[in-house]
Structures are given as C-alpha cells and as structure tokens.
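Welcome! Please have a look at it, then read on.

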Amino acid sequence: MSYPNQHNPYGAPQGQPQGPPPQGHPQGPPAQYGYPQQQPMQPQQPYAPFPAGPMGPGGMPGIPTPHQMPGNTKAARVMLFVLAATGVFGIIGVTVVLNQLSSNSARYDGFGGDTQSMLNAGKGVLVVVMILMAAYAAAALVLALQYSKGGNGIRIGSIIFGAVSVLCSIPFALSLYGIPNFALSILVIVFAAKQESQAWFMRPRY
C-alpha cells in the first residue's frame, strides 16, 4: 500500500502524465498543483491601412486636383471668346445701321412731325443697344481671360453670363445672330458646371 508524497500532498491528477512534454511541444510554465499548462499568447496582427483614394480640392475625396486645364473648361473659355467676338460684330452692325439712320435723319431734316421723332427715337434705341453689346462683349472677354488664374467666382460668373445670354438670344432665336449665341450660351453653362471645371477653379494655389 503506497501513500501520497508528503512534500506534495495534492499529488498529480490521475490519468495525467508527470513526465516531460513531448518533442516539438511549446514549453509553457511548469504545471504545479495539477493545473494544465498554458499556451503562449500569439501577438495580434496589425490592421491593414485603409486604401488612399484620390483627393479632390480642399482635401475632400472626389476628383483629383487637375494640374492642367481640363478639356471641358477649355471649351467653355473658347466659347466665351466666340461670344465676345459676336458682341463686337454686333456693335459693328449696329454702328452701320446708326450711320444710315443718321443720314436719313439729315435727309428728312426739312420735314417735321412724326418722321423726325421716329428717326431720333430709333437712333436712341440703337445707341442703347450698342452700349449693351459692348458690356456683353467685355464681360465675356474678361471671364475668358481669367480662366487660367481665376477662382470659383469665374466659373459661377460664366454660368450666370450664359443664362443671361440665353435670355437675350431668345428674341433673336430665328435670326443668324441669335441661333449661334443661343447654342454657345447653353454650352458655356453645361461645360462650366462640369465637375472637372469646378475642380480646376477650386484647386489650391501656391
């Protein structure tokens, strides 16, 4: 009859070997008082970084900041130059009509009444039209020249100018002067409202 070890009164649990662990088994802390051996903790894998997407103007995700003027923006600028040229041609045409009207007014200088009043009123209207056309051509030219270094206000100004040009072209929509202006004004609005144009005008400047 055997008695348990006096130095270790608890003894080892029955059915558990007390010998050394087999070869290849990870060494753990010594099993005392019959507790099972603990496995070493594995280090946690670091989380994968989030993929970096393209950054738009202002550091917000979106369209990358363009380093060259996009094609849509270039097209809007060219159309503004064309609209400025049509304004200049319109001023030339109104000037020709005004000179002809002035010569007719001098011819009918001896006649009074309604004829002279109508001629004078016609000349006044043509002068006002010339002033409006000069302002129209100047606005289109200034906007087009600011496309390379202007801010987002130039893009918004181009959209507003295109809308005003469309409204002014409606009375002349069936004429050779109104049809090109109407079509070009619509295209200015479309191209200036593109996201590529917005990214160009809102790009950071150093």
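**A first look**

With a relative accessibility of 57%, Leu-132 counts as exposed, and the place of this leucine is in helix H2. Please keep in mind that you are looking at a predicted model. The chain has 206 residues, of which 23% count as buried, so Leu-132 is a friendly place to begin: its 57% lies over the 50% cut-off for exposed residues.

**The overall plan**

- The chain holds 5 helices and 0 strands.
- Read from the N terminus on, the order of the elements is α-α-α-α-α.
- Among the contacts in the chain with a separation of 6 or more, 65% are between residues 24 or more positions apart.

- Leu-132 and Ile-91 lie 41 residues apart along the chain, and their C-alpha atoms are separated by 9.2 Å.
- Val-88 belongs to helix H1, and at 41% relative accessibility this valine counts as partly exposed.
- From Val-88 to Met-133 there are 45 residues in sequence, while the C-alpha to C-alpha distance in space is 7.4 Å.
- Leu-143 has its place in helix H2. Is Leu-143 buried or exposed? With a relative accessible area of 12%, Leu-143 is buried, because the cut-off for buried residues is under 20%.
- Leaving out residues up to four places away in sequence, Leu-143 touches Leu-80, Ile-154, Gly-157, Ser-158 and Phe-161.
- Leu-143 and Gly-153 are 10 residues apart in sequence, and 9.8 Å lies between their C-alpha atoms.

**How H3 and H4 pack**

- Two packed helices are described by the angle between their axes and by the distance between those axes.
- Helix H3 covers residues 152-169 and helix H4 covers residues 178-192; they pack at an angle of about 155 degrees, and their axes are 8 Å apart.
- How do the two helices run relative to each other, and why? H3 and H4 are roughly antiparallel, because their angle of about 155 degrees is over 145 degrees.
- The crossing of H3 and H4 is left-handed.
- On the H3 side, the contact is made by Arg-155, Ser-158, Ile-159, Gly-162, Ala-163, Ser-165, Val-166 and Ser-169.
- On the H4 side, the residues making the contact are Gly-178, Asn-181, Phe-182, Ser-185, Ile-186, Val-188, Ile-189 and Ala-192.
- Sorted by kind, the residues of this contact are 8 nonpolar, 7 polar and 1 charged.
- Not counting residues up to four places away in sequence, Ser-169 touches Gly-178, Asn-181 and Phe-182.

**The nonpolar cores**

- In soluble globular proteins, nonpolar side chains tend to be buried together.
- How many residues does the largest nonpolar core have? This core has 19 residues, and those with the most contacts inside it are Leu-80, Leu-83, Tyr-147 and Phe-161.
- The elements giving two or more residues to this core are helix H1 (71-107), helix H2 (114-145), H3, H4 and helix H5 (195-201).
- H1 provides the largest share of this core, with 5 residues.
- Another core, of 6 residues, lies apart from the largest one, and its members include Leu-98, Leu-101, Leu-126 and Met-133.
- Back in the largest core, Leu-83 is one of the residues with the most contacts. Leaving aside neighbours within four places in sequence, Leu-83 is in contact with Tyr-136, Ala-140, Phe-161, Asn-181, Leu-184, Ser-185 and Val-188.

Key
Residues are numbered from 1 along each chain as its sequence is written. This is a predicted model: local features need pLDDT of at least 70, side-chain atom pairs count only at pLDDT 80 or more; totals for chains, interfaces and linings use all residues. Side-chain values use heavy atoms; hydrogens and water are left out. Axes are lines fitted to C-alpha atoms, for helices over the stretch in contact, and angles run from 0 to 180 degrees between N-to-C directions. Helices (H or I, at least four residues) and strands (E, at least two) are DSSP runs, numbered from the N terminus. Angles under 35 degrees count as roughly parallel, over 145 as roughly antiparallel, 65 to 115 as roughly perpendicular and the rest as oblique. A crossing is left-handed if the near helix is turned anticlockwise from the far one by less than a right angle, and right-handed if clockwise. Contact means heavy atoms within 4.5 Å. Ala, Val, Leu, Ile, Met, Phe, Trp, Tyr, Cys and Pro count as nonpolar, Asp, Glu, Lys and Arg as charged, and the others, Gly among them, as polar. A nonpolar core is a set of buried Ala, Val, Leu, Ile, Met, Phe, Trp, Tyr and Cys residues joined through side-chain atoms within 4.5 Å. Buried means under 20% relative accessible area, exposed over 50%, partly exposed in between (1.4 Å probe, protein chains only).
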